[in-house]
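Hi,

Here is the structure I said I would pass on.

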Amino acid sequence: VGYGTMLGTVPRECPHCAGEGGTRARSKASFSSSGTVGSTAVEEALRRKAYDDLAPTFDEELEWHEFFTGIKLMRWWMMRQARGNVLEVAAGTGRNFGYYPEGTKLTATDCSPAMVEVCRAKAGSSSAVDVRVEDVQAKKGMRFESGSFDTVVDTFGLCSYEDPVAALREMARVCRRGGEGERGGRLLLIEHGRSRSHAWLTNILDKHAAPHAAKWGCYWNRDIVGIVREAGLEIVQRHEFHFGTTHLIVAKPPEL
């Protein structure tokens, strides 16, 4: 699940901030503009409850937004690069399912049981899709062997992880290393964060980052490229859209 609840655009009380009796989400630590370890963190239990509550209407609320902003096209362009045994992390309601190449063997995971149920309904009886509850942020890591997957996919997840660098390193752990060109393991990322090309826009994101994170659980000014590099990944391709705030990145895991 990503987007920080649709990038904070839904004009209603945020489920990240209102639990039983309207209890607001509490921040765990001080905010840092880089959005890496030590950032303001919405309590995980409230975050997961929010995604569970959103699951039934998540697709409906995002459909037109993604169409008009070109995100559906970005999903198609990135997913067609998936090869071999594919893992999708934070798959949400399975919004990428229709864009994978025919014959893809896919394992889709999410930490929200309600989101996983929507994924399973979309997958139907397909033997090529395995949908399960799994958390890339788990302290002991995901329950997959190292190098198990040829392609690892994450779309709009880095904005919401408490430790995005650790999450990326865990994705890299389960991604196959070695090989050249299409034979090598790859991580496919579609993320949103700070703009390196439009300082005025980044200044706006920075100014409102702390209250936005506390309210929506989404760190919208994270340095996505910096996070990818800090995780030790090698960037193979990188494209930017929406004034540099949407990042499409193809990366490969570091060699051991």
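The largest nonpolar core of this predicted model has 26 residues, and those touching the most other members are Leu87, Val89, Val152, Tyr161, Leu168, Met171 and Leu233. Helix H6 is the biggest contributor, giving six residues. The other elements that supply two or more are S1, S5, helix H9 (224–230) and strand S7 (246–252). A separate core of 22 residues lies apart from this one, and includes Ala82, Ala108, Leu188 and Leu248.

Seven strands form an open sheet with mixed pairing, in the order S3-S2-S1-S4-S5-S7-S6. At the edges sit strand S3 (129–133) and strand S6 (234–241), each of which pairs on one side only. On average, neighbouring strands are turned by 15° against each other, direction ignored.

Strand S1 (residues 85–89) and strand S2 (residues 105–110) run parallel and are joined by four bridges. If you want a spot to check by eye, valine 86 stands opposite leucine 106 of S2. Helix H6 (residues 164–174) packs on this sheet, where the helix touches S1, strand S4 (151–155) and strand S5 (186–192). The direction of H6 makes about 155° with that of S5.

Enjoy exploring, and write back with any questions.

Best wishes

Technical notes:
Residues are numbered from 1 along each chain as its sequence is written. This is a predicted model: local features need pLDDT of at least 70, side-chain atom pairs count only at pLDDT 80 or more; totals for chains, interfaces and linings use all residues. Side-chain values use heavy atoms; hydrogens and water are left out. Two strands pair if DSSP finds at least two bridges between them. Axes are lines fitted to C-alpha atoms, for helices over the stretch in contact, and angles run from 0 to 180 degrees between N-to-C directions. Contact means heavy atoms within 4.5 Å. A nonpolar core is a set of buried Ala, Val, Leu, Ile, Met, Phe, Trp, Tyr and Cys residues joined through side-chain atoms within 4.5 Å. Buried means under 20% relative accessible area, exposed over 50%, partly exposed in between (1.4 Å probe, protein chains only).
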